[in-house]
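Here is a friendly walk through one protein model, from its helix contacts to its strands and a few backbone details. Please keep the structure open as you read.

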Amino acid sequence: METEISERSVSIDILIEFDEKQILDFAHANDLETRERAQVREYVQNILRKRSYLDFLIDEFSSVSVAEMKPGLKNILRLAIYDMLFMDSTPDYAAINEAVEIAKMKLGSKTGDLVNAIMRNLQRDRDKLPKPAYKDRNKLVATSFSHPEWMVARWRERFGEREAFKLMQANNSRPHYYVRVNSLRTKPENFELRMEKMDVDFEASDWLPYYYKVDSVQSFIEKGLLAKGICLVQDIAAGFAPTILDPQPGEKVFDLCAAPGTKSIMMSDLMQGEGEITSVDISSERLKMLAESALNYGAENIKIKGGDVLEVSLGLADAVLLDAPCTGTGVLSKRADLRWRRDEEGLKKAAALQEELLEEAANMVKRGGRLVYSTCSLEPEENMEQIEKFLSKMDNFELEPLEDYLPEEVLAEDGKSYQTFPHTHGCDGHFGVLLKRVK
Ligand SMILES: C[S@@+](CC[C@H](N)C(=O)[O-])C[C@H]1O[C@@H](n2cnc3c(N)ncnc32)[C@H](O)[C@@H]1O
């Protein structure tokens, strides 16, 4: 019981900090055991995936509105309601008691009483819970599916309502994961034997070699497979950008916006460690992760360079990857926090930065060389519209066909870009193109 309280308590601390500072920091859980840390992640991500709906219920059952509540009380209630309604393993009395204990401990006995009253009200109506019934369709959908209204409005308009529902349902589901074998460390057949011994259910992908779909990466962490560099946790759609860049052993490659580095590591593997990858990123914190991974994965041909892509001078490369910073609307199932951190202004800013970065990246490609632009966004302004703008300014680049590299089902009709969607492809939403410098 005590550890359960601490998992819940730590989850609440993380959620409070997210409300106050927009920072999602799982380091609060560092003192817990591996499994408890995983439980904290589940709580936090699931509560963020259901946040608007949980807030709607709080408003229905409390005399104080959510808008007036301080982050402490609000997040204790969000977790308690989530526990009661969505955690089959938690009986109602335990959901209530633990929330009351945490409220008393963090905010005093009066708040404990308030939490108790609100939760008892909700428990009484547990089998006939109210449903959101706003006249404004976007508000209604946004509350029911726990997405921000601006996102709902644009997706309903672009995809139609049924399709938008499916996308949001996928964003609200627990995602599948992919692991990619690092061939610098082991062979796929040995890796499969290892997974069998670990009792892991896996499915080899027929899209790209070396990828396996798994339900959880927990046992890979526990057995130290990531720390030993045996495999990488990387969504299969994140592997498309390095795949179409197709870096060859001996080539000179720039990975701009490289940290935390999964694409650099994958490219080092594709190049069999021969040639040179210069991995650039503006974040020194994130570059530390890249440096550690490069060591773990035996990716010896990675050279790390801190700095702003708009300012560094690197010379020319055979192949350049620009995995641009973006809104991340394609990865909302794994990063539930992103939906609450993004807005339309942020989308405009991301698109403006991407435009500058792309022009700069293009200047680093030697004649005859390749440039891949990729994002984990679903928004046209960050994807194809960005490329159309680029091509209207630069007559020395052309789009290359991708059917030799990727399955048809992820390609646009002309075969010159890929875009995956969580609800149709069962993986994260990624976009990418391959550009060749022709003169
Ligand atoms: C989508 S993430 C990159 C993920 C990475 N390619 C991978 O596969 O692990 C975008 C990265 O761009 C970096 N970034 C943002 N603006 C930058 C700039 N002006 N110059 C260099 N890096 C930048 C961020 O720090 C972030 O690490």
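The report below takes up helix packing, then strand pairing, then single residues.

This is a predicted model, in which local features need pLDDT of at least 70 and side-chain atom pairs count only at pLDDT 80 or more, while totals for chains, interfaces and linings use all residues. Residues are numbered from 1 along each chain as its sequence is written.

**Helix packing**

A few conventions come first. Helices (H or I, at least four residues) and strands (E, at least two) are DSSP runs, numbered from the N terminus. Axes are lines fitted to C-alpha atoms, for helices over the stretch in contact, and angles run from 0 to 180 degrees between N-to-C directions.

| Helix pair | Angle | Axes |
|---|---|---|
| H4 (residues 71-86) and H6 (residues 109-124) | roughly 35 degrees | within 11 Å |
| H8 (residues 149-159) and H9 (residues 161-171) | about 130 degrees | 7 Å apart |
| H16 (residues 344-362) and H17 (residues 384-393) | about 40 degrees | 10 Å apart |

Let us start with H16 and H17, which pack at an angle of about 40 degrees. That angle makes H16 oblique to H17; angles under 35 degrees count as roughly parallel, over 145 as roughly antiparallel, 65 to 115 as roughly perpendicular and the rest as oblique. H16 passes H17 in a right-handed crossing, where a crossing is right-handed if the near helix is turned clockwise from the far one by less than a right angle, and left-handed if anticlockwise. Ala351, Gln354, Glu355 and Leu358 of H16 make the contact with Gln386, Lys389 and Phe390 of H17; two residues are in contact if their C-beta atoms, placed from the backbone, lie within 7 Å. By class, the residues of this contact divide into three nonpolar, two polar and two charged. Here Ala, Val, Leu, Ile, Met, Phe, Trp, Tyr, Cys and Pro count as nonpolar, Asp, Glu, Lys and Arg as charged, and the others, Gly among them, as polar.

H4 also passes H6 in a right-handed crossing. On the H4 side, the contact residues are Leu73, Ile76, Leu77, Ala80, Ile81 and Met84. They meet Thr111, Val115, Ile118, Met119, Leu122 and Gln123 of H6. This contact has 10 nonpolar, two polar and no charged residues.

H8 and H9 pack at about 130 degrees, and they are therefore oblique to each other. Their crossing is right-handed. In H8, Trp155, Arg156 and Phe159 meet Glu161, Glu163, Ala164 and Leu167 in H9. Four nonpolar, no polar and three charged residues make up the contact of H8 with H9.

**Strand pairing**

Strands E6 (residues 276-281) and E7 (residues 302-306) pair in the parallel sense over five bridges; two strands pair if DSSP finds at least two bridges between them. Within this pairing, Ser279 stands opposite Ile304 in E7. From E6 the chain crosses through helix H14 (residues 284-296) to E7, in a right-handed β-α-β crossover. A crossover is right-handed if, with the strands pointing away from the viewer, the path from the first strand over the helix to the second runs clockwise.

Elsewhere, four strands form an open sheet in the order E2-E3-E1-E4, with antiparallel pairing. Its edge strands, E2 (202-204) and E4 (231-233), each pair on one side only. From one strand to the next, the twist averages 30 degrees. E1 (residues 177-181) runs antiparallel to E4, joined by three bridges, and the bridge partner of Arg180 in E4 is Leu232.

**Backbone details**

Where is the cis peptide bond with omega of about 5 degrees? It joins Ala259 and Pro260. Pro260 has its place in the loop between strand E5 (252-256) and helix H13 (262-270).

Gln22 is not a glycine, yet has a positive phi of about 60 degrees. This residue lies in the loop between helix H1 (2-21) and helix H2 (34-49).
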